[in-house]
Amino acid sequence: MSSSELFNRAISASFDAFVELSSTFMIVEWSRRAETLTGWHREDAIGLNFFDTVLSHAARDEVLSDIGSITNGDGVLISPQREVNIHTKDGGFSLVQFICFSLKEMDPEGFIGVWLRDISQERRDEEALAAAYLHDPLTNLPSRTMFMYQLSYALVRQGATDGNVAVLFLGIDRFKGLNESLGHQAGDQALIQISKRLLSILRPRDILARFSGDEFLILCEGLAATATAIRLAKRIADAFKRSFLIGSEEIYTSLSLGIATSSKEAFDAETLLANADAAMYHAKNKGGNRYEVFREEIMATVIQRTSVEASLHRALEKGELRVYFQPVIELKEEHIIGVEALVRWAHPEQGILNPDSFIPTAEETGLIVPIGTWVLGEACKVLDLLATSLKGSENLSNSHGVIEVNLSARQIGDPNLITTVERALRNSRLHPNQLILEITESALMDDPEAALDVLKELKSLGVRLAIDDFGTGFSSLTYLQRFPIDVLKVDKSFISELSEDGTGYVIVKAVIDLAHTLGLEVVAEGVETEDELRILKDLDCDMAQGFYFARPLPIAELKESLA
Ligand code: C2E
Ligand code: CA
Ligand code: CA
């Protein structure tokens, strides 16, 4: 096959168009791809002047000079690659990559060959991508990237003046739950409606952008931007008192807002955004549906939480957690009837840490779910161990002793909770009746209706349920009656005020009487003195725990001290 035959084959197989020009720029060859690219058939194209008919006028000079350098004998055989527009037969344009090259080598009669590659689709795709990069396609709001540009410009425009640029970081409270219960399409509808309602409140010059899934940003600029932002936050809270109609569902939602303003310390876009984010996080942690203005302490809390979170992950993986046990005493006979499991963190540097220093973070991050599962598993295994070695062990024997385990609000909301409890029971020799799960009053009152369903399911496993820290929350008596509860644990703050003439006395007496009327057993928490014990016995309290009897201890030490 001669080289020109090979060339012809390459042309007909190529996705690029090929055109051959004569020295007067007449078209002498026109490949099939050139036909589809321009719409001109070969017969019509041949004989036309390439510059007059095909190439856009704007590219003429460049291309002529390229051809000049190829044909002037300097040895240049191929032009640089250009992007040019060409006319199509229907009167439109196509954007093409364009290369000219010498044909002399192949054919002494030949002059110039042209390769053309259609890149208009590619370019349209790129533009669509760039647009999506700057715009959120769902809500049609500016994207995070666009917002950051605007914020940077605003900061430059306002100069180093304090407080003339404010960023509001908005997070939708419990959006994940809404998305899961209503479905993602409804979730999308909600986001669109929320963005519209936000837009309707803004001043024309404020900028609203979508930051991520359920987070938005607002940029306020101008004199006293902080005050404006706070006013805006209040208006937003008001506007969200009205419901949203999603499909046929009427839903209510609220926002957590963080506000950060420009200052000498925070004068760049990234810092302002991070500050507003931290303030929003703070508002969420305070229960949501509120705004917080950024302060330095907020950042310190966020950093502290992030570092606790990271090391808590490690603690769980590396087995740094421990379970301590505190005896629960039956007051009539004054003997142990069970133990409460209380988690500790054997921190490699800081030693044994109490739950107060890490349970709140575990709650916020959801780590409490795997931690709680682990504690439950450990606790269920322990009763056998104790029963075989304790004085008065007949009361702790397999059918009588109880083990009390704390459940957090997060665990109540965990869809796997029932399976987790079932599995823990199956892996131990406990009778379900021996396991008492403790739930604080405030965890129950977070969402009483949902909690009620979970409690009923737990009850159906045969376990017993206790309300922990009773008296510190606001459970109404109606709920107390409706919840399938077996035990009330009176918070230690009341026990420590328990002298016969103190207010603690009246409250504890009332609680014990009420509990007995409802058929519940009562545990007094935090008993530290003999006096307290005596009064509790007089008041007919059923059980007690506290330092007076024993502190929480690791299982080995507990066995020793009780033996
Ligand atoms: P809680 O469930 O109310 O546990 C009782 C707390 O009172 C324990 O604190 C215990 O050491 C302490 N205590 C017992 N007797 C006395 C006393 O006589 N005087 C005083 N002042 N305190 C006494 P601890 O172990 O530091 O636990 C604190 C809280 O952390 C627990 O309160 C519970 O809410 C939470 N917690 C502990 N372990 C777990 C767990 O495994 N899961 C969950 N979700 N929470 C846990
Ligand atoms: Ca407890
Ligand atoms: Ca308690």
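Me: In which sense do strand β6 and strand β8 pair?
Reply: Strands of a sheet pair through backbone hydrogen bonds, either parallel or antiparallel. In this predicted model, β6 (residues 165-172) and β8 (residues 215-221) are antiparallel, over seven bridges. Leu170 has Phe216 in β8 as its bridge partner.

Me: What is the strand order of the open sheet?
Reply: The order is β7-β8-β6-β11-β12, five strands with mixed pairing. At the edges sit β7 (207-212) and β12 (290-293), each pairing on one side only. Neighbouring strands are turned by 20° against each other on average, direction ignored.

Me: Which residues have the most contacts inside the largest nonpolar core?
Reply: In soluble globular proteins, nonpolar side chains tend to be buried together. Here the largest core has 76 residues, and Val421, Leu435, Leu437 and Leu458 have the most contacts inside it. Helix α14 (residues 368-387) gives the most to this core: nine residues. Another core, of 31 residues, lies apart from it and includes Leu170 and Cys220.

Me: What does Leu458 touch beyond its neighbours within four places in sequence?
Reply: Its contacts are Leu407, Leu417, Ile418, Val421, Leu437, Val463 and Leu465.

Me: Are Asp468 and Glu525 buried or exposed?
Reply: Both are buried. Asp468 also bridges to the calcium ion (ligand 2), which lies 4.1 Å from the calcium ion (ligand 3).

How values were computed: Residues numbered from 1 in each chain as written. Chains lettered and ligands numbered in written order. Predicted model: local features only at pLDDT ≥ 70, side-chain atom pairs only at ≥ 80, totals over all residues. Heavy atoms only, no water. Donors = N, O, S within 2.8 Å, 3.2 Å for Na, K, Ca; no water. Buried < 20%, exposed > 50% of the residue type's maximum accessible area, 1.4 Å probe, protein only. Core = buried A, V, L, I, M, F, W, Y, C linked by side-chain atoms within 4.5 Å. Helix = DSSP H or I, 4+ residues; strand = E, 2+ residues; numbered from the N terminus. Contact = heavy atoms within 4.5 Å. Pairing = 2+ DSSP bridges. Axes fitted to C-alpha atoms, helices over the stretch in contact; angles between N-to-C directions.
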